Amino acid sequence: MSVQEEEKRAEDTFKILLCTDCHIGVHERDPIRGNDSINTLKEILDLAVQYDVDFVLCAGDLFHEHKPTSQSVIQTMSLLREYCLNDRPVSIQLLSEPYDEQRPDISYPAINYEDTNLNVGLPFFLIHGNHDDPQTVPNWPSGAPSLSAVDHLATAGLVNYFGKVQVPPLDDVNADALDNDTGINVKPILLQKGTSKLALFGIGNIRDQRFNQELKNERVNMYAPLEDADDYFNILLIHQNRINRGALQAVPEHLFDDSISLVVWGHEHDCRIVPEIVSEKPYRITQPGSSVATSLSEGETVPKHVGLLEINDKDYNLTPLPLKTVRPFVMMDVNLREVEETQGLKFEDKLQVNKYLRQQIEELITRANEEYAERHQGVDAPSMLPLIRLRVDYTGFEIGNPQRLGMEFSERVANPKDLVHFTKKRQMKAKSQVVADAPEFRDDDEENAVVDNTGKLRVEKLVNTFLQAQKLQLLHEDGLQRSVESFVEKNDTHAIGDSVEKMVEHAVEYMSKQTLNDVDEEDDIEKAKEYAAEKYNVGKKTTETTGRSGRGARHGADSMEEDSSDEPAPTATTRGRGRGRARARGRAASTSTRGRAASARSTHDDDEELFHSSDDSVQETAPSRAKSVSARNQALSSQPSSRVPQRRRRNQEVYDVSSEEDDSRYRQKRKH
């Protein structure tokens, strides 16, 4: 290939850095591991600069908590400002609408490099996960938007947050006959670089059971551009369980739309970054895994990577890039009974047991340091204390204090307090009589079992089982269950108090509507409870988004349980940047100038023509935005728009979602 051909290919090739599950803020109070997550985020951004990528793409869980500490937020914003805001030209062109139709009150573009008030050199696209999912603010009026920490970054213009899809209310998620004309509507971000076109689909974390049911009932509607849809390389970002951990507690790999080219799977922490084939499907799945160990589980021991994804037309190549700032981690299981039988040793007391365990810990430390040095041979890598995990089955033996044993290695390992984990096989006991405060766990019922098929505790089932056994008179189980989950999983210290306050408020509201003739001492409390539960569920359904749906069952290795993945679009554009400065973006030959707020969205009809369905049940129109038009926007309003209208694609059927009455440019599409 000649130099000219290589240059031409580079102009037409997307370069994307893939990552997921950064978990900023995890272990931030740990004196040794406190900065691990933020150090790795800095390395990821360094790699983005080193490989001169067009943008970074993150598949969820940027933050470890829904409400991260100020330190975590400030550190993240500082890094993003340092690496993402600069004068480097952005060579990718946005073809879809830059504004967020879910936030009609916002006048600035949701895609930050489309904002003329910002100098963005490195776009950062991401969806939310189950840790940083959006939630409603307590005591806010009904219909208020759900927000997360990622919204702070997006509002500041540091990231491009997408994938916050609406999950429609559904009284019975297990119903067999569902109306598939409504459901989860996923509209892509359309990008172009040279002759290559890219569509980014994002679905933030949803409850696995609900997402599973929506997929099986064909209620996930993938939109596609009306023009040249087959020319796009389609990427889908999701953040869900991939490994089955119980009844419908995972998303099947084979249920995504055949138009997808590559699925980037977040949430699972073990690194399986090399794209894997899905049987009888045209797409492949890449699972980058987490960039930091959040728990001492086996999946976290796999070496961590991010991926350099290069896309030219419909061809792509994914190169794994090892992370150097990840702390080394090795794990070993020891069964003392098996050691006696196979090695001829005899553990007569706990002193002999501890002596043997010290030897194993020494070997693990040596092994961890050697593997770390081998992976970073010839590279200037920081020296780091390793994570060591020794899981010991001591059934039938006497043991000492595990923390005391671990503290002997406090200067040689990063986790001395939980270095050793002792386990013991439970003895099967005769089933005792079930009483109200001790509910029976039905292990033969997979859907209601409190322990999944991998042996991990299912928190939501455990909590719900105990609450139902208490025969609560006023407080309803669903509200308490969700608030306990938020307290445990999100570290939301106000969740339980806010939930109880809301339930009492609803009960008082019901009682205040009653007259003296309506009073019935026996039924009033029960009816008040039912009213409160109904109000709670209606409130949840009407404002439910993917994020708030994601507060259900514990997910995978990132839980803190320590032992348990007809008019072609222009090829380039020129637009102004920053404080009145004009800079050419993309290719040298510019064929159009992109209008800003007034040009793309001057009237309500302009908004309708992008996402308009011939089926009223799935009509999607963005509301008009009432805002003052600045002199700059007035000047830009005369410029032509290059946005691409889109259609909905589902089960290989093509639907026209462009208004035939409003715009005659688009050819009518029919089912086939």
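Start by selecting aspartate 21, which sits in the loop between S1 and H2. (Helices, H or I with at least four residues, and strands, E with at least two, are DSSP runs numbered from the N terminus.) This is a predicted model, so local features need pLDDT of at least 70 and side-chain atom pairs count only at pLDDT 80 or more, while totals for chains, interfaces and linings use all residues. Residues are numbered from 1 along each chain as its sequence is written, and side-chain values use heavy atoms, with hydrogens and water left out.

Is aspartate 21 buried or exposed? Its relative accessibility is 0%, so aspartate 21 counts as buried. (Buried means under 20% relative accessible area, exposed over 50%, and partly exposed in between, with a 1.4 Å probe and protein chains only.) Look at its backbone too: phi is near 55 degrees, a positive value in a residue other than glycine. Most residues other than glycine have a negative phi.

Now jump to aspartate 52, in the loop between H2 and S2. Here phi is near 50 degrees, again positive in a residue other than glycine. Aspartate 52 is partly exposed, because its relative accessible area is 44%.

**The helix pair**

Select residues 36-50 for H2 and 70-84 for H3. Two packed helices are described by the angle between their axes and the distance between the axes. In this pair the axes come within 11 Å and cross at roughly 10 degrees. (Axes are lines fitted to C-alpha atoms, for helices over the stretch in contact, and angles run from 0 to 180 degrees between N-to-C directions.) H2 and H3 are therefore roughly parallel to each other. (Angles under 35 degrees count as roughly parallel, over 145 as roughly antiparallel, 65 to 115 as roughly perpendicular, and the rest as oblique.)

Show the side chains where they meet: Ile38, Leu41, Lys42, Leu45, Asp46 and Val49 on H2, against Gln75, Thr76, Leu79, Leu80 and Tyr83 on H3. (Contact means heavy atoms within 4.5 Å.) These residues divide into 7 nonpolar, 2 polar and 2 charged. (Ala, Val, Leu, Ile, Met, Phe, Trp, Tyr, Cys and Pro count as nonpolar, Asp, Glu, Lys and Arg as charged, and the others, Gly among them, as polar.)

Pick out leucine 79 on H3. At 9% relative accessibility, leucine 79 counts as buried. Leaving out residues up to four places away in sequence, leucine 79 touches Ile38, Leu41, Lys42 and Leu45. Draw a distance from the C-alpha of leucine 79 to that of leucine 41: they are 38 residues apart along the chain and separated by 8.2 Å.

**The sheet under H2**

H2 lies across S1, S2, S4, S14 and S15, running at about 170 degrees to S1. The open sheet here has 6 strands in the order S5-S4-S2-S1-S14-S15, with mixed pairing. (Two strands pair if DSSP finds at least two bridges between them.) S5 (160-161) and S15 (315-322) are the edges, each with a single partner strand, so one side of each has no neighbour in the sheet. S14 and S15 run antiparallel, joined by 8 bridges. Find valine 306 and you will see its bridge partner in S15, leucine 321.

**The core**

Next, color the largest nonpolar core, which has 34 residues. (A nonpolar core is a set of buried Ala, Val, Leu, Ile, Met, Phe, Trp, Tyr and Cys residues joined through side-chain atoms within 4.5 Å.) Which of its residues have the most contacts inside it? They are Leu17, Leu45, Phe63, Leu80, Phe124, Leu126 and Val306. H2 gives the most to this core, with 6 residues.

Zoom in on leucine 17. Beyond its neighbours within four places in sequence, its contacts include Ile44, Leu47, Phe55, Val306 and Leu321.

**Further strands to visit**

A second open sheet has 7 strands, ordered S3-S7-S8-S10-S11-S13-S12, with mixed pairing. Within it, S7 (189-193) and S8 (196-203) pair antiparallel over 5 bridges, and leucine 191 has leucine 198 as its bridge partner in S8.

Then select residues 220-225, strand S9: 6 of the 6 residues are buried, so S9 is largely enclosed by the rest of the structure. Val220, Met222 and Ala224 make up one covered face, and Asn221, Tyr223 and Pro225 the other.

Finish at S18 (420-423), where Val420 and Phe422 are on the covered face and His421 and Thr423 on the uncovered one. S18 pairs with S17 (387-393) in the parallel sense over 4 bridges.
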